[in-house]
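Student: Please take me through this structure, and tell me for each label what makes it apply.

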Amino acid sequence: MKSCLTKWSFSLFLVFGFFLTASAQKMVSGKITDASNGEALIGANVLVKGSDSGTITDIDGTYSLKASQGDVLVFSYAGYTDQEIVVGSSTTVNVALEAGKLLDEVVVVGYGTQREKEITSAVVSVSRENFNQGPISDPAQLLQGKVSGLQIYNRGGDPNRASVIRMRGISTVGANVEPLVVVDGIIGASLQNVDPNDIESIDVLKDGSAAAIYGSRGSSGVIIVTTKRGSKGGVKLSYSGQFGASSAMRGINIMTADEFVAAGGTNLGSKTDWINEVTQTGLNQVHSISADGGSGSTSYRISANLRQVDGILKNSGFDQLNTRLNLTTKALNDKLTIDFNTSFTERDQEFGFNEALRYAIMYNPTAPVYGDQSPFPFNSAQFGGYFESLGLFDSFNPVSIINQNKNTGKRREFNYGANLGYKVTDNLTANFRVAQQSNSFSTRAYYPTTSHFRGNATSPIRKGRADLYSGDSAFKLYEAYATHLSDFGNSTLTLTGGYSFQQNNFQSNYLSLGDFPNNDIDFINNIEASQDLLKAGLISANSDQSPDEKIIAFFGRANFTYDDAIFVNASLRREGSTKLGEDNKWGLFPSLGVGVDLNKYAKLSNVDLLKIRAGYGVTGALPGQNGLSKPIRGIVNGADGSVTTQLIRAANPNLKWEEKAEINVGLEFASGRFSGTLDVYTRNIKDFILERTVDVAEFGVDRRYENAGKLSTKGLELALNYDVAQGDEFSYTTGVVFSTYKTTLDEYVIPAEMRASLGAPGQNGTNMILVKEGAEIGQIWGPVYSSVDDKGSPVFVDVNGDGKLVTGQDKALEPDVDFEVLGKGIPDFELGWTNRVNVSGWSINAFFRGAFGHSLVNSFRAFYEPQISTQSSYNFMNTSLKVDGLSTARFSSLYVEKADFFKLDNLSISRQISLGDFKAINNLNVSLTGQNLFVLSKYTGSDPEPSLVDYGSADNGANESGSADVLSPGIDRRNNYFSARTVTLGLNFNF
């Protein structure tokens, strides 16, 4: 994956060199102390505002860094109020920080900001100093484990798959389940179009009262991203580089060639480590360059980020270029503020084939890689020189899969946003925002005529296959709102009101065809050679285009503060959507929050903050698809070759919003070095948008979309932070976040059903997840293993003790079935533990993360641990849970494992290095970061992290369904990517 780096690096460094010649900086130094006692503050942050240039104080509280006259230095320290000082002619800047930052920190909320003290909802702000470290390419992973109640999981180490994100569990079963993303005020902006190195802070709106201002798009929570801005002064240049290596961390224990033969496996004479053949040490590098500055009323920041990431699976990874510009200027006597930002991302991807990892585990370890090493006559030329186990179901040479086939993609994203803020009076401001975003995504998969995997190499006809997909989407946003502040002495009232217009459009095309003449060229670039073009019905082709998806909203909010201790926040949003029925396009989304700083009146000694708050909010959810309220006609092919259409789904003009109502009660406490937040919440969700079976006599067809179902969640979240030590040579700060919740399906379209088939071979009819009214989400349901009989078959427990053993899948929902809950896919609780240490000029950050109480179905064990005589050509699992003598594969509790884990997720060690009289570079920081350094877990699979969604089983070379089932968590499928351990060297400096 070199093309993107080669393409852009030359021009990028020309720009970098131009800005280098424009920079004129000097060394600024000083000391930071506590204003109350004059003691030095060790590890305090000093940052040139709007840039990556910064440093921390040493054991004497002193610092030094390069800055230009006119730059703004920001001084900050945990528990203290930030100070900003403009660099003048002096090279010495000493600062005394005042305590009280916890009370006055500003947090970004919907359509504005608030002091943290005034917030009455569950909102968490995470600054870049507290982000996860290392070569993180997915911005969501900056927050992993940092915010209680926010679940972020990317099982395995697939660099091309985005994280699964959940806020307080699932909020719907039929619509979008991931949080709304807002980037620099732009609703619905793409998180993948923001490079992690450009992010200044992320604010997370967790509860309904905070998210209601965003209406239907805030039901699953809101993540607000603020990118780095420029500051006035001379040009400041910063470089950040990372160089890392990833290796496969853990996998399923399988038999070696010798063990396989001893166990009765078919011996083909070779000894092949298939996992080693298809994996690699994945090298990655990141180069980020930024320039910021400004003069007069204008400031800017421009950045470019190059990423080259190789996965641990061969031929997987990506090259990415991202650029961003933020510009701020003032006009009309500084009454008008113009903020403009734009970003562009281009990513060239190699997806590889996760199936290669699947077959590396199960393929015969005595089979050779190449056909010329076969123990029997084999036409290896027919298969591109590779050996294949012909005649076996679901058996493909994994090395052939990754070397012969190609699976690539390209993604481009471009957006811009402009916000005009006009100060009408000292108390009234008006804002107008316009933004547009365009995305294009294409994939190309090619299987040559010699590929046994999807290339049909064994067939005399229709050899080879090419799959091409392209999709384009566009988003428009127009918003106008005004804010008025009234000051009544001991109370203030802030009123905000506005209008929002959003429009989405999407179109896609898909083509699949084959039967290519030979393997001389890659015929994906010459598909006109496909013989399928001569035969009707062999080509698969699809295209679609959405209508204009529009959301129009009117919103208002009031924030009232009395005596700087009593806070009331209320909002109301009226919103309409074209996706809903003609009679139910509009909905109302109210919220109300109240908070009281009890210590204002209790005046407890040594207490800085004691605030109780309560909030209530209603949000909605829209379906992902268009036209669900409309009648749908399908194509019917007549016997005479004619084509007609007929009604296949009835209209529903009453289709309305899904609705979530949430109550959140919180307590915030701060005393000196210790602070904590506790939130307890309950949320009730109703009116899912689901397809149901209806009366044909009434509707003319048996299907239509309706509102049905109820879901409820109760949970608790806790965050604690403590400055353990603040000495001259040693400081230590630690923090813990903890969350737990339980989600119950109160009502559904049917009382109960089984879903999530285990798959083939032999267990297609085995469903593992129970979905039942009144039951908790994610229950794994099946028979309980007891022992193995003398025929090698499993013996199950008579669960209900009635003397009859009923364990057939067709009886899974019967009252007398001998099934029970074998585990659940959702953790009982999750925690993150942050530790920051500064000692003698070194900075150490260690972050631990864990999840407890969840289980996983180990599907590899369920298929390949029993030693079945008819499957002697597949490798056997060799875990510590293996049962000797078991020779029949049948799903039971034997293959459901507790997957509790506790891991050292991220360890970073860094040091600021002085270069003495060498003035060209300053603030040089060198770091070493390790990710996934160790995992404590008894789970025998490759990754114990929860599997929150299921994509179904894909067998014998078939593709995954692509649809995510949020009601079937807890299944570790055979196509999952291996988890990876990464070690990275980082280098940061300023010019």
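Tutor: We can begin with a definition: a salt bridge is a side-chain nitrogen of Lys or Arg within 4 Å of a carboxyl oxygen of Asp or Glu. The model is predicted, so local features need pLDDT of at least 70 and side-chain atom pairs pLDDT 80 or more, whereas totals for chains, interfaces and linings use all residues. Residues are numbered from 1 along each chain as its sequence is written, and side-chain values use heavy atoms, with hydrogens and water left out.

Student: Why is the contact between Lys-585 and Glu-582 called a salt bridge?

Tutor: The N to O distance between these side chains is 3.8 Å, and because the definition asks for a Lys or Arg nitrogen within 4 Å of an Asp or Glu carboxyl oxygen, the pair qualifies. The structure holds 58 salt bridges. Some join up: Arg-168, Lys-206, Lys-660, Glu-662, Arg-683 and Glu-717 are linked in a network.

Student: How do you know that Arg-755 and Asp-965 form such a pair, and which parts of the chain do they link?

Tutor: The closest N and O atoms of Arg-755 and Asp-965 are 3.0 Å apart, which is within the limit. Arg-755 belongs to strand S37 (residues 752–759) and Asp-965 to the loop between strand S49 (922–937) and strand S50 (971–972), so that distant parts of the chain, 210 residues apart, are linked. Strands (E, at least two residues) and helices (H or I, at least four) are DSSP runs, numbered from the N terminus.

Student: What does the salt bridge of Arg-849 and Asp-905 tie together?

Tutor: The closest N and O atoms of Arg-849 and Asp-905 are 3.0 Å apart. Arg-849 lies in strand S45 (residues 842–852) and Asp-905 in strand S48 (residues 901–913), so the bridge ties together parts 56 residues apart in sequence. Both Arg-849 and Asp-905 are buried.

Student: What makes S37 an edge strand of its sheet?

Tutor: The sheet is open, with four strands in the order S37-S38-S40-S43 and antiparallel pairing. S37 and strand S43 (819–824) each pair on one side only, and that makes them the edge strands.

Student: Which way do the side chains of strand S46 point?

Tutor: In a regular strand the side chains alternate between the two faces of the sheet. In S46 (residues 855–858), Ser-855 and Val-857 point one way and Leu-856 and Asn-858 the other way, and all are buried. S46 pairs with strand S47 (residues 896–898) in the antiparallel sense over three bridges, where the partner of Ser-855 is Lys-898. With S50, S46 pairs in the parallel sense over two bridges, and the partner of Val-857 is Ile-971.

Student: Why is Leu-716 called partly exposed?

Tutor: Leu-716, in strand S35 (residues 703–726), has a relative accessibility of 30%; because this falls between the cut-offs for buried and exposed, the label is partly exposed.

Notes. Buried < 20%, exposed > 50% of the residue type's maximum accessible area, 1.4 Å probe, protein only. Pairing = 2+ DSSP bridges.
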